[in-house]
Number of protein chains: 2
Amino acid sequence: MHFTISEENYIKGIFHLQQETGLVNTNSLAAEMHTRAASVTDMLKKLKAKKLLQYEKYKGFKLNEAGLKAALVVVRKHRLWEFFLVDKLKFDWDSVHAIAEELEHISSEELVNRLAQFLGDPAFDPHGDPIPDKHGSIPVIYQKILSTVPLKKSVTVSAVSNQSTQMLEMLKHYHIALGTQLMILKKFEFDGSLEIKVLKQNACIISEQVAKNIFVHDMGKTK
Amino acid sequence: MHFTISEENYIKGIFHLQQETGLVNTNSLAAEMHTRAASVTDMLKKLKAKKLLQYEKYKGFKLNEAGLKAALVVVRKHRLWEFFLVDKLKFDWDSVHAIAEELEHISSEELVNRLAQFLGDPAFDPHGDPIPDKHGSIPVIYQKILSTVPLKKSVTVSAVSNQSTQMLEMLKHYHIALGTQLMILKKFEFDGSLEIKVLKQNACIISEQVAKNIFVHDMGKTK
DNA sequence: TAATATTTTTAGATTTGTCTAAAATATATT
DNA sequence: AATATATTTTAGACAAATCTAAAAATATTA
C-alpha cells in the first residue's frame, strides 16, 4: 500500500491525537495539521476509502488496525532519523524535528531497517520517545512524571512530553536533557514548584508545569 | 530560492543533458524525465519565470548561472546520500540510485553540510562521479577511458559513465567496482574487445562497448 | 522551393490537495 | 423544547503537475 506525503502526515497527526483522546475530531486535527476543517474532511474521505479509518460523518474518527500500522511505520522512520541526526550528525535535539518531518517520508523499507541497524537499533529517540520496531511494537518503559518522584531520589530523565521549542529551550538552559541525572531537593506547597539538583550543576527551581512534562526513571535503566 | 521536487528533478535532468550536448531540446528532456514533451514545455515556462533558464521558444534551452547553481546543489545532495548509503549502510552501489533520488530533495542546507562532514567530505560518489562542494565546485580527476589504456599497465577504476542497472549488474559479475585494480592483457582487433585481469580474479573478456564506459586512473590516486 | 516530416507549443482536461463560504448536523442554554 | 452556538460537511473554486489532441513552428527532402 502506497501513501502520499500528505496522507502520511494526516495519518501521523491522527495517531498522535488518538493517543491522547481515543476518538479524534475534525477541528483538533485541523489545528494539529495547521490546516482547515474542510481540508481535514476531504482527507478523511480518502483515508476511509483506503480503509485506514473508523469514521462516521459528524461522529469523530480514529485509525483502525491498518491505519495504526501505517502510522507506526512513519513514527518509526521519524524517530530513527531524529536519532541519526543527533547521534551521528551532532545536531541539537531541539533542532531536528523539522528535518525529520521530511526524512520520515522516504519510502524504502530496506533503508529504514539498515538505518536502524546502523544506529544500533535504538529503542528511544533523542526526546525519549519510544521507537517502534519493524513490526510496529513499541518498547515500554517504567517512567514517572518528575513531579511525583519522592525527595532526594536520584532519577534519570527519560522523556519530555511537551516538545515545543520553548520547552526545549528552557530545558537546555537548565542543562536538562535525555539521560540527565537529577533529584528533587524541595517541593513548594504554594505553587507546586520544585527545587532540583541537576548532576554537576547548581540547584535550580522549576515550575510545576515544567515538572509535569518531564518523565524520569530509576537510575541505570533503558537504552 | 525554493524549488518544488518536480522543479528540482527537471533542473537536474537539464543539467545532465547539457553536460553532453550544450543546448538541450524538449524531446530529449521528455525522454530523460519519462514524461511528455507538453509537460516539459509547461515546466520550462516555470523555470524561465524563475530565471533559471536560457530559453527561447522552439530554439532549445540550457541552465543559466542561477540554474547551474541550483543543479549542483541537487547533484551534491544526491551523490552525498549515495555515498552514505554505500559507505555507512552497506548498500550495493548498484541499488542506491532510487533511494538517493528521494533523499536529494530533503531541503536543509545544514543537513547536507553536516552529512558531508560526517562522511569525511568525500570527493567522489560510489559510482566515481565527482561530488560538488558546498560552493558548487567539482573536483577534477585525471582519468582515461579503459579502452585507451596501454597493455599491462595497472590502473584503478575511477568511474562508470553508463550507470544502467544492466551495466552495473555486469560489472558486479566481473568483480569490477570503484577502486578495483585491473590491467589489459590483450586487445582484439576484430571487435575491440579486451582481455583484462582483475586483481585477485581470473582473466576475462569484456566488449569494447563496456570498456568505453569504464574510466580509470593511475594507481594510487584519488580518494 | 514546395511538400512532407518532425519537433515544439498551446488548448483544454484531469488529479491531488488545498481553500472560502454556505449548508447540515450536533451540542448547549435558557 | 426551542433557540442559539459550535462543529462538521458540502459545494464550488484554485494552483500545481500532469496528460491528450491539435495547432504552430521548424527542419528535411524530393
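Two exercises on a predicted model follow, each with a worked solution.

Residues are numbered from 1 along each chain as written, and chains are lettered from A in written order. In this predicted model, local features need pLDDT of at least 70 and side-chain atom pairs 80 or more, while totals for chains use all residues; side-chain values use heavy atoms, without hydrogens and water.

**Exercise 1. Work out the surroundings of Lys77(B).**

Step 1. Lys77(B) sits in helix 4 of chain B, residues 65-87. Helices here are DSSP runs of H or I, at least four residues.

Step 2. Look for an opposite charge. Lys77(B) is buried and has no salt bridge. Buried means under 20% relative accessible area with a 1.4 Å probe, protein chains only. A salt bridge needs a Lys or Arg side-chain nitrogen within 4 Å of an Asp or Glu carboxyl oxygen. The nearest side chain of opposite charge is Glu8(B), 4.2 Å away.

Step 3. Check the backbone. A polar atom of the Lys77(B) side chain lies 3.3 Å from the backbone oxygen of Glu104(B).

Step 4. List neighbours. Beyond four places in sequence, Lys77(B) touches residues including His105(B), Ile106(B), Ser107(B) and Val112(B). Contact means heavy atoms within 4.5 Å.

**Exercise 2. Describe the build of chain A.**

Step 1. Count elements. Chain A has eight helices and eight strands; strands are DSSP runs of E, at least two residues.

Step 2. Check burial. Of its 223 residues, 43% are buried.

Key
Buried means under 20% relative accessible area, exposed over 50%, partly exposed in between (1.4 Å probe, protein chains only). Lys and Arg count as positive and Asp and Glu as negative; His and the chain ends are not counted. A polar contact is a pair of N or O atoms within 3.5 Å; within protein, one must be able to donate a hydrogen and the other to accept it, and residues adjacent in sequence count only if both atoms are side-chain atoms.
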